[in-house]
Amino acid sequence: MSFEGADPGTVRPGGRTARVRASVLQAAGDALAEQGFAHLDLADIARRAEVGKTTVYRRWGTVTGLVADVLLDMAEQSLPRTETGSLLGDLKANARLVQRTLADQRQGALFKAVIAAATCEAKTAEALHRFYDIRVKEWAPCVQQAIDRGEVPEGTDVHEVIRAVSAPLYYRLLTTGDHLDEAAADQAAEAAVAAARAGAYLRDRQGGSGASPARR
């Protein structure tokens, strides 16, 4: 998967170039997790990755270009959606994947750093939006299948349901510092399913047209 107008370094060629890219992205992720966005330095990343500074500057150009590529790579490497045959089962799988990622010492710190940077750096914010757009679109078909099975109402916004699953997990990560466990993940999935069944995510909800309830 690629984006039009991607920053330098986001092309995924093979051979030595791919190995260099993998080493640099690993080093950049480690640095983000350890010291945050503000202290990222391309020369330091090159040293960590054991590649030439010229290579890093030529391919990524800026710290924000490198962070964008880190996020793109993470989105592409994330596990595909799980289809269990029920919306609750699918969304629990989604929530537990998010939970495992955020509870991981390295990945959790990395996401905190990127989210913090995105609040004040436009290119990082754009890269973060791209990351979540990829992941939401990957899991949205689970909700469409639930609509087709009659588990939730016609007209349910499939993307909003997926966002509702991960939102409380990110909230805990960023605000309370509570440990994220499977119980928290399951609770988030159950709440999203209950809200979807009740029609909370109907696309025309604000218009007041009153879609029919889910079929039983």
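## Buried aspartates

Helix α5 spans residues 87-103 and contains D90; helices here are DSSP runs of H or I with at least four residues, strands are runs of E with at least two, and both are numbered from the N terminus. D90 is buried but takes part in no salt bridge, and R149, the nearest side chain of opposite charge, is 4.5 Å away. Buried denotes under 20% relative accessible area, exposed over 50%, and partly exposed the range in between, with a 1.4 Å probe and protein chains only. A salt bridge requires a side-chain nitrogen of Lys or Arg within 4 Å of a carboxyl oxygen of Asp or Glu. For charge, Lys and Arg count as positive and Asp and Glu as negative, while His and the chain ends are not counted. Leaving aside residues up to four places away in sequence, D90 touches T82, E83, T84, G85, W139, C142, Q145 and R149, where contact means heavy atoms within 4.5 Å.

D186 belongs to helix α9 (residues 182-197). D186 counts as buried because its relative accessible area is 13%. With residues up to four places away in sequence not counted, D186 touches K92 and R96.

## Basis of the model

The model is predicted: local features need pLDDT of at least 70, side-chain atom pairs count only at pLDDT 80 or more, and totals for chains, interfaces and linings use all residues. Residues are numbered from 1 along each chain as its sequence is written, and side-chain values use heavy atoms, with hydrogens and water left out.

## Overall architecture

The protein chain has 9 helices and 0 strands. Of its 216 residues, 44% are buried. Among contacts with a separation of 6 or more, 69% join residues 24 or more positions apart.

The accessible surface of the chain is about 11100 Å², and carbon and sulfur atoms contribute 50% of it. These areas come from the Shrake-Rupley method with a 1.4 Å probe, and for residues only the protein chains shown count as cover.

## Salt bridges

The structure holds 16 salt bridges. One of them joins the side chains of R21 and D69 at 2.6 Å, N to O. This pair connects distant parts of the chain, with R21 in helix α1 (residues 15-35) and D69 in helix α4, 48 residues apart. R21 is buried at a relative accessible area of 4%, and D69 is buried at 0%.

E160 and R163 also form a salt bridge (2.6 Å, N to O). Both lie in helix α8, 3 residues apart, about one turn of the helix. E160 is partly exposed at 33% relative accessibility, as is R163 at 38%.

## Largest pocket

The largest pocket has a volume of about 500 Å³. Its lining comprises 22 residues, of which V98, F131, Y132, R135 and Y170 lie nearest the centre. Two or more lining residues come from each of α4 (63-77), α5, α6 (105-118), α7 (122-149) and α8 (158-176).

Pockets are found on a 1 Å grid over the protein atoms alone, as open sets of points with protein on both sides within 12 Å along at least five of seven lines; lining residues have an atom within 4 Å of a point. Grid points are joined across faces, edges and corners, and the volume is the space filled by probe spheres set on the points.

Technical notes. 1 Å grid on protein atoms, 1.4 Å probe; cavity = no way out; pocket = protein on both sides within 12 Å on 5 of 7 lines; lining within 4 Å.
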